[in-house]
Amino acid sequence: MSTRTRLLVFAAGALGLGAALILAMLRIPDFGNDFHPYRDATVAEALHRHSPNVVSSINFDQRGFDTLGEEAILVAAVVGAATLLRRTSQPRPPRPAIASSSRPPLLAATRLAGYILLPVTLLIGADVVVHGHLTPGGGFQGGVVLATGLHLLYVAGDYRALRRVRPLVWYETGEAVGMGAVLALGAAGLAAGTGFLSNFLPKGTSGHLFSAGTVALFSCAVGIAVGSGIVVLLAQFLDEYLGADEGAR
Amino acid sequence: MSVFPYLVAAWVLLMGLFGVVRSRHLVHTVVCVSVTQSSTYVLLLAVGYQKKATAPIFGQADPPGSPVVDPVVQAMALTDIVVSATVSALLLALVIQVAKRHGTVVPDELHALRG
């Protein structure tokens with residue numbers, strides 16, 4: 001199909017879709033109105049279960065089954081990317097190693113910032129994961145912070161140090177463990193007689209670390225899975241780009 | 001003006017699709033798919049917004065009972081972002097494979113499937 005025909009077909013489709021969207025949008029409730037029945041229902045339920053962060057309560061409790069599916073998508077995507085980028089049996093000609101002298105020197109300030117921010121970022125990531133039921137955050141956000149924080153080592157110019165703290169097997173295991181922990185949590189709900197992924201633990205007092213039942217546990221499991229998944233994912237791309245040898249995994 | 005945020009979502013959706021259609025580079029295509037998907041964030045958050053309401057997280061500043069925006073659509077947007085990020089990674093991995101096997105990343109130059 002020529003570019004011109006393709007654009008014409010797109011224009012026809014876009015006009016139709018645009019008209020349908022505008023017609024629909026003129027009839028949904030006004031922006032900023034105060035009629036939100038789902039909000040009222042979920043907020044009441046979250047407060048009843050002592051989880052002040054309503055978004056976490058929805059993700060890790062009220063709609064936990066959805067999150068299970070979403071985590072499965074994440075694991076599937078990581079496995080898919082790792083499969084696509086795996087070393088083929090025919091080894092490529094090794095990329096000519098860039099001599100360290102020919103590389104432009106890394107600014108000392110960048111290096112320092114990387115090393116100083118590394119522990120701070122990891123701490124913040126862990127805090128965001130663990131307090132998902134109380135303050136803004138949760139397993140997904142905290143997991144991403146943890147995984148990217150680790151890669152500050154790469155930004156600080158020390159890829160070898162990154163590889164030392166990143167034996168990929170740990171993170172591949174971590175991903176599976178996170179996913180398995182969610183399933184185990186769901187099965188525990190079944191065993192407790194309240195249903196798959198139900199919040200069967202005592203709810204405690206609002207605002208305490210040990211409250212809101214399974215929300216914090218679910219959040220931690222998701223945090224482990226997401227953090228490990230992203231480390232594995234980035235490792236595939238970094239190895240692809242830097243042409244790292246297989247044996248050093 | 002009360003439909004303006006919804007129209008922004010429609011605009012982002014159509015522009016993302018337009019980018020996919022006239023793409024000349026597969027990485028550009030992947031980015032356009034992300035743009036298309038991000039229109040759903042705008043739509044979801046716009047649907048859940050309420051004037052003069054705060055984030056759906058209660059604390060000392062916002063005791064339970066204060067007006068908050070709809071947390072359900074926020075949870076959906078969060079789900080959406082995670083899926084979007086991993087799907088982008090998967091698509092980029094596919095692009096790398098396409099570049100290796102076909103030696104090109106221009107969509108128009110990819111004609112036949114090759115094993």
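How much accessible surface does chain B have, and what percentage of it belongs to carbon and sulfur atoms? The accessible surface of chain B is about 6100 Å², and carbon and sulfur atoms hold 71% of that. Accessible areas here come from the Shrake-Rupley method with a 1.4 Å probe, and for residues only the protein chains shown count as cover.

Some ground rules. This is a predicted model, in which local features need pLDDT of at least 70 and side-chain atom pairs count only at pLDDT 80 or more, while totals for chains, interfaces and linings use all residues. Residues are numbered from 1 along each chain as its sequence is written, chains are lettered from A and ligands numbered from 1 in the order in which they are written, and side-chain values use heavy atoms, with hydrogens and water left out.

Now chain B. Chain B has three helices and zero strands, where helices (H or I, at least four residues) and strands (E, at least two) are DSSP runs, numbered from the N terminus. Its C-alpha trace spans about 60 × 30 × 15 Å along the principal axes. Of the 115 residues in chain B, 40% are buried; buried means under 20% relative accessible area, exposed over 50%, and partly exposed in between (1.4 Å probe, protein chains only).

Next, chain A. Chain A has ten helices and zero strands. Buried residues are 40% of its 249 residues. The accessible surface of chain A is about 13400 Å², with 70% belonging to carbon and sulfur atoms.

How do the two chains meet? The contact takes 46 residues from chain B and 47 residues from chain A, with contact meaning heavy atoms within 4.5 Å. About 4200 Å² is buried between the chains, and carbon and sulfur atoms give 74% of it. Buried area is the accessible area (1.4 Å probe) that two parts lose on being put together, summed over both. Between chain B and chain A there are zero salt bridges, a salt bridge being a side-chain nitrogen of Lys or Arg within 4 Å of a carboxyl oxygen of Asp or Glu.

Last, a surface patch. A:L7, B:W11, B:M15 and B:F18 make a nonpolar patch of about 370 Å². Patches are made of residues with over 30% relative accessible area and no salt bridge; like charges are joined within 9 Å, nonpolar side chains (Val, Leu, Ile, Met, Phe, Trp, Tyr) within 5 Å. Helix α1 of chain B (residues 4-21) gives the largest share, three residues. B:W11 sits in that helix. Why does B:W11 count as exposed? Because its relative accessibility is 54%.
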